Amino acid sequence: MDFVQMGGSTVLLGDIGGTNARFALVHGEHEPIVQERILSTGDYPDLLAAAQAYLQEAGQPVIRRACVAIANPIDGDVLTMTNNHWQFSVEATRQALGLDSLLMLNDWEAVAMAAPALSVRDLAQIGPGEPVPDAPKGLIGPGTGLGVSSLVRSRRGDWVPIAGEGGHVSLSPTCERDADILRVLWRQHTHVSAERAVSGMGLLNLYRAICLLNGTDPEPLEVAQVTQRGLAASDVACEEALVCLCRFLGNTAANLALTLGARGGIYIGGGVVDHLGDYFAQSGFRAAFEAKGRFESYMKRIPTYVIRAHQPALIGCAMALGVTPLRP
């Protein structure tokens, strides 16, 4: 079935996180993703308002189909986001936008859909390992929250994305310092999930906990300031917060790999890792990933990749609509 038969020319793509709402268009099969814009979720009450603002800016193109990835479980018609104030009805949004179909995906489900289309130039490998063909792949990404998904082969040979909420598994300490940090976080949260440490808000949580453990008062810093000071090694607590975040991410990614049997590799994305740049490759991430005792040799054989492709969730949304976008 070709693209025109599937119901229209131009389709709307969206990727909604806790902080930013990204929108773009694709005008047909093997056409590039164009007119990408980033809006602040804080400036709009819900998906409808943000999409309408984008479409107005884009020149009010005629849209019949849309696919939107969102950092939230897709568990019914009414979606209430975990990391921002948006709450909306999918069906009411579809009707208000005049769409024939509005497909909602978990954001990391969308990234999983894009994974088979990623080439060597889209990935930066961290550490050793070779992917086993057709073996499961795990995906994880710290942004405002922590996204997790997986990709498995069906018996028909298709890649099947599996959405999940792995960011909310319990945070697992691997040393005394980790345990001390966890004890501080327990004072604030009845359940300390991986997301409480491995995310943008997690970096702030780590910084504040480390300050308390060091006997100093935390400053009212933003995520970008903690990152900047940590990378510059100009603040002891910020520097350790980055070290801990990478170590916790390595351990959480390893737990995903073991649970899934992800011998096809672990794929890492998210804005936090993007902002760390070259620091991440030299961090304790990979050592923490491999540190699984009797299964260390098993972990060494699993490759880990940082996704360098631009906006993989938008690529996955296009592919979910049966459209393979042209890649630059």
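A polar contact is a pair of N or O atoms within 3.5 Å; within protein, one atom must be able to donate a hydrogen and the other to accept it, and residues adjacent in sequence count only if both atoms are side-chain atoms. The structure is a predicted model, in which local features need pLDDT of at least 70 and side-chain atom pairs count only at pLDDT 80 or more, while totals for chains, interfaces and linings use all residues. Residues are numbered from 1 along each chain as its sequence is written, and side-chain values use heavy atoms, with hydrogens and water left out.

The secondary structure of the protein chain consists of 12 helices and 13 strands; helices (H or I, at least four residues) and strands (E, at least two) are DSSP runs, numbered from the N terminus. The radius of gyration of the protein chain is 20 Å, which agrees with the value near 20 Å for a compact globule of 328 residues. This radius is taken over C-alpha atoms, and the globule rule is 2.2 Å times the number of residues to the power 0.38. Along the principal axes, the C-alpha atoms fill a box of roughly 60 × 45 × 35 Å.

Of the 328 residues in the protein chain, 50% are buried. Buried means under 20% relative accessible area, exposed means over 50%, and partly exposed lies in between (1.4 Å probe, protein chains only). The accessible surface comes to about 14700 Å², and 52% of this surface belongs to carbon and sulfur atoms. Accessible areas come from the Shrake-Rupley method with a 1.4 Å probe; for residues, only the protein chains shown count as cover. Among the contacts (heavy atoms within 4.5 Å) with a separation of 6 or more, 67% are between residues 24 or more positions apart. The mean positions of the 25 positive and 33 negative charges are 7 Å apart. Lys and Arg count as positive and Asp and Glu as negative, while His and the chain ends are not counted; the place of a charge is NZ of Lys, CZ of Arg, CG of Asp or CD of Glu.

Ser 199 is located in the loop between helix 4 (176-186) and helix 5 (200-214). Ser 199 counts as buried because its relative accessibility is 0%. Its side chain reaches the backbone nitrogen of Gly 202 at 2.8 Å. When residues up to four places away in sequence are not counted, Ser 199 touches Pro 142, Gly 143, Thr 144, Gly 145, Leu 146, Leu 245 and Val 272. In helix 4, the buried residues are Asp 178, Ala 179, Ile 181, Leu 182, Val 184 and Leu 185. These buried residues pack against helix 5 and helix 7 (236-260). An α-helix has 3.6 residues a turn, so residues three or four places apart point the same way.

Pro 142 is also touched by Gly 269, as are Trp 108, Ile 140 and Gly 141, not counting residues up to four places away in sequence. Gly 269 is in the loop between strand 12 (266-268) and helix 8 (271-276), and is buried, with a relative accessible area of 5%. Gly 269 and Val 148 are 121 residues apart along the chain, and their C-alpha atoms are separated by 9.9 Å.

Two aspartates were examined around helix 3 (107-114). Asp 107 is found in helix 3 and is buried, with a relative accessible area of 13%. Beyond four places in sequence, Asp 107 touches Asp 15, Ala 69, Ile 70, Ala 71 and Ala 313. Asp 122 is in the loop between helix 3 and strand 8 (123-126). Asp 122 is buried, with a relative accessible area of 4%, and its side chain makes a polar contact with the side chain of Arg 327 at 2.9 Å. Residues in contact with Asp 122, leaving aside neighbours within four places in sequence, include Ala 117, Val 306 and Arg 308.

Gln 35, in strand 3 (residues 33-40), has a phi of about 50 degrees although it is not a glycine; Gln 35 is partly exposed, with a relative accessible area of 30%. Gln 60 has a phi near 55 degrees and lies in the loop between helix 1 (47-57) and strand 4 (65-70). With a relative accessible area of 53%, Gln 60 is exposed.
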